[in-house]
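Me: Could you go through this one with me? I'd like to start with charged contacts and then jump around a bit.
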Amino acid sequence: MAWPVGLLIWANGKIQHTDALAASTLSTAGTTYLLAGSDSRADGQLGGDTTAGQRADTMILITVPPSGATSMISLPRDTFVEIPGYGPNKLNAAFSFGGPELLVATVEGLTGIEVDHYIEIGMGGVADIVDAVGGVELCLDYDVSDADSGLEWTAGCHVADGETALAFARMRKADPLGDIGRTQRQQQVIQAVTSAVAQPSLAFQPGEQVRLADAGLAALLVDEDTGIIDMAQMALAFRAATGADGVRGAPPIADLAYRPGGIGETVRLDPDRVDAFFASVADGTVTTADLNQT
């Protein structure tokens, strides 16, 4: 009894917090997590890359409704949205303009779903977590040599280390589906890591528990009210969303190359379906057929 209690107390003290959740005008039943992958170069993970500032390179909404399907919905970073106080722009610009709080407010405005927990992971964190679990098996059915992400890949399934998994998740320009293909690979990395840390044998390896918890918590930044129990519940939500009864994918999209003017090429969600889609995410009635089929 003493070990799990002590581990929880120790892990809770290792959590890094940030201001992310302002008072919301929404009240959505169930629990929703916003996972943001920051592309800040500040951790030095990308050697030689001097890109300044940070943006939300990855945004995934994990929703556990009171009943029905748990879902993991990837929001394309170039989604055309209304950013409070800034007007129309790409979704990832919200993080650049106003950090986690503005990103959360923008996502809530887009989806109509209240965000209960915010979790941010940096580029280096992805690599560290994958290395901590000893690598993960990833699959891609075509060859890739992408200078921007650094991904070198031979078609098929391979065990990837942290650096390769990071490149796998970041690669976009060499993907025929662009941003949509990238969201699919990001979800694949998450599923692989979640499966790796859910091995039953881990229950009998206290040293491994500490090592994995240390690597994971060092890579994450969460809102002020999120604790270790909330993060454990999020891990269960990941497993449910990627399981047989879960739903994962992207929202319905009308145009992958929408040019509204002044901000370049964006992703335009289907205006005739998007409101009903997110309503079904919130109440657990969303199905695979409701997802983007591009």
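Reply: What follows is a walk through salt bridges, a charged surface patch and a few local features of this predicted model.

Me: How many salt bridges does a search of the whole structure find?
Reply: The search, run over the whole structure, gives five salt bridges.

Me: Which side chain meets Arg77 in a salt bridge, and at what N to O distance?
Reply: The partner of Arg77 is Asp78, with an N to O distance of 3.7 Å.

Me: Are those two buried or exposed?
Reply: Arg77 is buried, since its relative accessible area is 15%, and Asp78 is buried as well, with a relative accessible area of 10%.

Me: And what about Arg172, which side chain does it meet in a salt bridge?
Reply: The side chain of Arg172 pairs with that of Asp78, and here the N to O distance is 2.9 Å.

Me: Why does Arg172 count as partly exposed?
Reply: Because its relative accessibility is 22%, and the partly exposed class begins where buried, meaning under 20%, ends.

Me: OK, and which residue forms a salt bridge with Asp175?
Reply: That residue is Arg185, and the closest N and O atoms of the pair are 3.0 Å apart. Asp175 belongs to the loop between H4 and H5 while Arg185 belongs to helix H5, and the two are ten residues apart. Asp175 and Arg185 are both buried.

Me: Switching to the surface: which residues form the negative patch?
Reply: The negative surface patch is made up of Asp19, Glu101, Glu224 and Asp225.

Me: Where does Asn292 lie, and is it buried or exposed?
Reply: Asn292 lies in the segment that comes after helix H8 (274-283), and Asn292 is buried, its relative accessible area being 13%. A polar atom of the Asn292 side chain lies 3.3 Å from the backbone nitrogen of Ile253.

Me: Last topic, Leu35: where is it found, and what separates its C-alpha atom from that of Ile60?
Reply: Leu35 is found in strand S2, residues 31-38, and is buried with a relative accessible area of 9%. The C-alpha atoms of Leu35 and Ile60 are separated by 5.1 Å, although the two residues are 25 residues apart along the chain.

Methods: Residues numbered from 1 in each chain as written. Predicted model: local features only at pLDDT ≥ 70, side-chain atom pairs only at ≥ 80, totals over all residues. Heavy atoms only, no water. Patch = residues over 30% accessible without salt bridge, like charges linked within 9 Å, V, L, I, M, F, W, Y side chains within 5 Å. Areas by Shrake-Rupley, 256 points an atom, 1.4 Å probe, with all protein chains shown as cover. Salt bridge = Lys/Arg side-chain N within 4 Å of Asp/Glu carboxyl O. Lys, Arg positive; Asp, Glu negative; His and termini not counted. Charge placed at Lys NZ, Arg CZ, Asp CG, Glu CD. Helix = DSSP H or I, 4+ residues; strand = E, 2+ residues; numbered from the N terminus. Buried < 20%, exposed > 50% of the residue type's maximum accessible area, 1.4 Å probe, protein only. Polar contact = N/O pair within 3.5 Å; in protein donor to acceptor, adjacent residues only side chain to side chain.
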